[in-house]
Amino acid sequence: MNFSGKKVLVTGGTRGIGRAAVEAFLRAGARVAVNGGSEKSVAKTLAELAAGGSAVGVAGDLGLVADCRRVVEGAIDKLGGLDVLVNNAGVGGPSAPIDDITEDEWNATLNINLRAVFFCMKYAVPRLRAAKGNVVNVASILGLAGRGSGLSLYCASKAGVVNLTRDLACELAPDIRVNCVCPGAVDTEMLQETGRDLGKGDLAAGYALLTKNRPMKRVAHPSEIANAILYLASDYASFVTGSIHAVDGGVMAKVG
Ligand SMILES: NC(=O)c1ccc[n+]([C@@H]2O[C@H](COP(=O)([O-])OP(=O)(O)OC[C@H]3O[C@@H](n4cnc5c(N)ncnc54)[C@H](OP(=O)(O)O)[C@@H]3O)[C@@H](O)[C@H]2O)c1
């Protein structure tokens, strides 16, 4: 895929899936603005990126609407425009039954996982419209189905991203395409804690337990999600909008 001359903002680009997307866009010739929650994490990422010359940093806490605006406007300013917005930043939220979940936890989870997706899009839309650009949102298979394992806020936030994608794809067509990737389990810091807990300290054993009933019997590498993000952002997907892509090793294909 060729993204030469394209300007891309990846939120949550400092590690995990976002970092893999940043690296893939850079390899494909794009100029990339990397967001993360702190100046320190963004500076560390830029220093580590081999192609750091084509990457710029836009730190900001996307749990705050003011920072959503500052990050998007900062990216447009530093890149000289915007063709692709990848709304990837997210948190796992509390793992607890409804009885124990607080209003503060609701706000902290929904603000970054859902509200930030809306406001980053809102502030990016004028430039994306001018560029005939597109948006790729990163939700989760837990936005397509529940699990009953104490992740209700995460599930609600990601379901919100799924239907926000559909509605804004209709509203913004034909100028801006809007699509969504729903990963299954991916080997990132977000999942590693769960994996270690399951495996009683042994991550590989935890992943084996987690995936033993799943068709592909393994977790994904972050680059496998990045590949789907790049496809949706590319001209190969020129007639694709409002679509929800499960990249989950077949989990959503299976009942029971
Ligand atoms: N891993 C999985 O199994 C999985 C499965 C389905 C969906 N997902 C989704 O994929 C996306 C990426 O997840 P991941 O697994 O790559 O997570 P991760 O390794 O924990 O990375 C999270 C990224 O989000 C950024 N971030 C978190 N809070 C932020 C905030 N308030 N403002 C700005 N940036 C913030 C982090 O940046 P800093 O560290 O710099 O703050 C980091 O770059 C998330 O939306 C997640 O829900 C993950």
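Colleague: At what angle do helix H6 and helix H7 pack?

Modeller: Two packed helices are described by the angle between their axes and by the distance between those axes. In this predicted model, helix H6 (residues 189–198) packs against helix H7 (residues 203–211) at about 90°, and their axes are 7 Å apart. Angles of 65 to 115 degrees count as roughly perpendicular, and H6 and H7 are therefore roughly perpendicular to each other.

Colleague: Which residues of H6 and H7 meet?

Modeller: From H6, the residues are Leu191, Gln192, Gly195, Arg196 and Leu198. Their counterparts in H7 are Leu203, Gly206, Tyr207, Leu209 and Leu210.

Colleague: Let us turn to the sheet. What is the order of its strands?

Modeller: The sheet is open and has seven strands, in the order S3-S2-S1-S4-S5-S6-S7, with parallel pairing. Strand S3 (55–57) and strand S7 (244–247) are the edge strands, each pairing on one side only. From one strand to the next, the twist averages 20°.

Colleague: How many bridges join strand S5 to strand S6?

Modeller: Five bridges join S5 (residues 134–138) to S6 (residues 177–183), and the two strands run parallel. Within this pair, valine 135 has valine 178 of S6 as its bridge partner.

Colleague: Which strands do helix H4 and helix H8 lie across?

Modeller: Helix H4 (residues 103–131) lies across strand S4 (84–87), S5 and S6, and runs at about 180° to S4. Helix H8 (residues 222–233) lies across S4, S5, S6 and S7, running at about 165° to S6.

Colleague: How should I read the backbone, and where is there a cis peptide bond?

Modeller: Most residues other than glycine have a negative phi, and most peptide bonds are trans. Here the bond from alanine 173 to proline 174 is cis, with omega near 5°; proline 174 lies in the loop between helix H5 (152–172) and S6. Lysine 132 has a positive phi, near 50°, and is placed in the loop between H4 and S5.

Colleague: Finally, how many residues surround the ligand, and which are the closest?

Modeller: The ligand is surrounded by 31 residues, of which the closest are Thr14, Ser41, Asn88, Tyr154 and Thr188. An N or O atom in the side chain of threonine 14 is 2.7 Å from a ligand oxygen atom. For arginine 15, a polar side-chain atom lies 2.8 Å from an oxygen atom of the ligand, while glycine 12 places a backbone N or O atom 3.1 Å from a ligand oxygen. Taken alone, the ligand exposes 890 Å², and the protein buries 90% of that.

Key: Residues are numbered from 1 along each chain as its sequence is written. This is a predicted model: local features need pLDDT of at least 70, side-chain atom pairs count only at pLDDT 80 or more; totals for chains, interfaces and linings use all residues. Side-chain values use heavy atoms; hydrogens and water are left out. Two strands pair if DSSP finds at least two bridges between them. Helices (H or I, at least four residues) and strands (E, at least two) are DSSP runs, numbered from the N terminus. Axes are lines fitted to C-alpha atoms, for helices over the stretch in contact, and angles run from 0 to 180 degrees between N-to-C directions. Contact means heavy atoms within 4.5 Å. A residue is near a molecule or strand if one of its heavy atoms lies within 4 Å of it. A polar contact is a pair of N or O atoms within 3.5 Å; within protein, one must be able to donate a hydrogen and the other to accept it, and residues adjacent in sequence count only if both atoms are side-chain atoms. Accessible areas come from the Shrake-Rupley method with a 1.4 Å probe; for residues, only the protein chains shown count as cover. Angles under 35 degrees count as roughly parallel, over 145 as roughly antiparallel, 65 to 115 as roughly perpendicular and the rest as oblique.
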